[in-house]
Every structure is written in structure tokens, then in C-alpha cells.
Amino acid sequence: MNYAEIKKTDIANGEGVRVSLFVSGCTHRCKNCFNAIAWDFQYGKPFTKETEDELLEALAPAYIAGLSLLGGEPMEPCNQRALLPFLKRVKRELPHKNIWCYTGNTLEGGAFKEKDKNCEATAELLSCIDVLVDGLFLEELKDIRLKFRGSSNQRVIDLQKTLQTGKTVLYLE
């Protein structure tokens with residue numbers, strides 16, 4: 001997996017001050033995507049053990065609330081496979097930090113509606129994520145007044161409560 005960018009103090013992509021990892025690669029190609037440069041799976045730099053270490057160091061300070069995953073598309077199957085060991089490491093080493101993930105996919109019953117986005121890593125990866133912002137960015141539903149999402153079709157989901165209950169529980173209305 002490659003990544004496009006790391007922001008070590010981000011306040012736009014989840015609650016509190018966060019570390020944001022923008023992965024490379026996306027097949028959704030939403031019209032007027034804010035990060036179209038990251039559609040290319042080869043764009044950016046390789047995600048390595050050194051990258052993981054850098055991210056963990058950036059996450060360590062008490063004022064950092066957690067990690068946000070964006071793209072590109074973190075939930076492309078090849079990205080899921082690369083992110084799973086890292087997210088398990090974050091949960092193990094920094095269990096008090098929360099993880100937000102932005103995806104163009106739509107969550108349904110603990111998996112993705114888009115069958116081609118589910119792979120052997122999906123269920124375990126989802127179990128590591130606290131808040132999932134799901135749904136494609138749709139230009140015709142763009143609304144700059146929305147918190148933590150770009151269009152009104154997107155949902156901010158409390159993923160752990162959703163996985164526990166089997167019903168979608170919104171984090172934000």
C-alpha cells in the first residue's frame with residue numbers, strides 16, 4: 001500500500017486533534033473529490049514499518065484524540081490488508097486513542113453493501129474502527145454545514161455500537 005499524505009495535527013477529519021493518514025488508491029472516483037490525486041494506487045510513498053512508527057509517535061501525545069483514515073479509499077481490499085496489522089498495533093499500543101475511517105462504501109449489517117469491497121480482512125478491520133463515515137461523496141448533495149462529511153447521504157456511524165447491536169447506530173445525526 002502507498003499513502004498520499006500524513007497530517008500530524010488535523011482538526012477537520014474527526015473530533016479533537018487527530019493524526020490523519022491519507023492512503024492511496026480509490027476506484028470510486030467521486031465527481032469533484034477533494035483528493036483525486038490519491039485515486040492512483042501508486043501515488044505517494046510506500047507504507048512501511050517506519051511509517052507505522054512515525055504515526056504511533058505522532059499519536060502518542062495526550063492532546064491527540066486519535067487516528068483518522070482517509071484516502072483515496074482505506075477500504076479498497078488491498079488497503080484493508082495493509083491497514084489491518086497497523087490498526088491492531090494502534091489498538092494494542094495506544095488503546096485510549098480512537099480510530100475514525102472515511103469510506104465511499106456503505107455499511108450494511110457489519111459488512112459493505114458493495115460485495116467486491118469485502119475481503120478476508122474486512123470484519124477484523126471494522127472491529128478496530130470506532131467511527132465510520134460511510135457513503136460516496138455526491139456533489140449534488142454537498143452541504144458545507146455538515147460535521148465531518150461532505151454530502152448529506154454520508155453517515156457518521158458509531159461502528160462499535162453498530163457491530164454490537166446489528167443495527168446502524170449514528171454517532172452524529
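I looked up Phe-22 and found it opposite Leu-70 in S4. Here strands (E, at least two residues) and helices (H or I, at least four) are DSSP runs, numbered from the N terminus. The model is predicted, with pLDDT of at least 70 needed for local features and 80 or more for side-chain atom pairs, while totals for chains, interfaces and linings use all residues. Residues count from 1 along each chain as its sequence is written, and side-chain values use heavy atoms, without hydrogens or water.

I then checked the strands around this pair. S2 (residues 17-23) and S4 (residues 64-70) run parallel and share six bridges; pairing takes at least two DSSP bridges.

I traced the whole sheet next. It is open, has eight strands with mixed pairing, and reads S3-S1-S2-S4-S5-S8-S9-S10. S3 (45-46) and S10 (170-172) each have a single partner strand, so one side of each lacks a neighbour in the sheet.

I turned to the helices. H1 touches S1 (2-10), S2, S3 and S4, and its direction makes about 15° with that of S1. Contact means heavy atoms within 4.5 Å. Angles run from 0 to 180 degrees between N-to-C directions, with axes fitted to C-alpha atoms, for helices over the stretch in contact. H2 lies across S2, S4 and S5 (98-102), at about 170° to S4.

Last, I looked at the helix pair. H1 (residues 49-59) and H2 (residues 77-93) pack at about 35°, axes 11 Å apart. From H1, Lys-49, Glu-52, Asp-53, Leu-55, Leu-56 and Leu-59 meet Phe-86, Arg-89, Val-90 and Glu-93 of H2.
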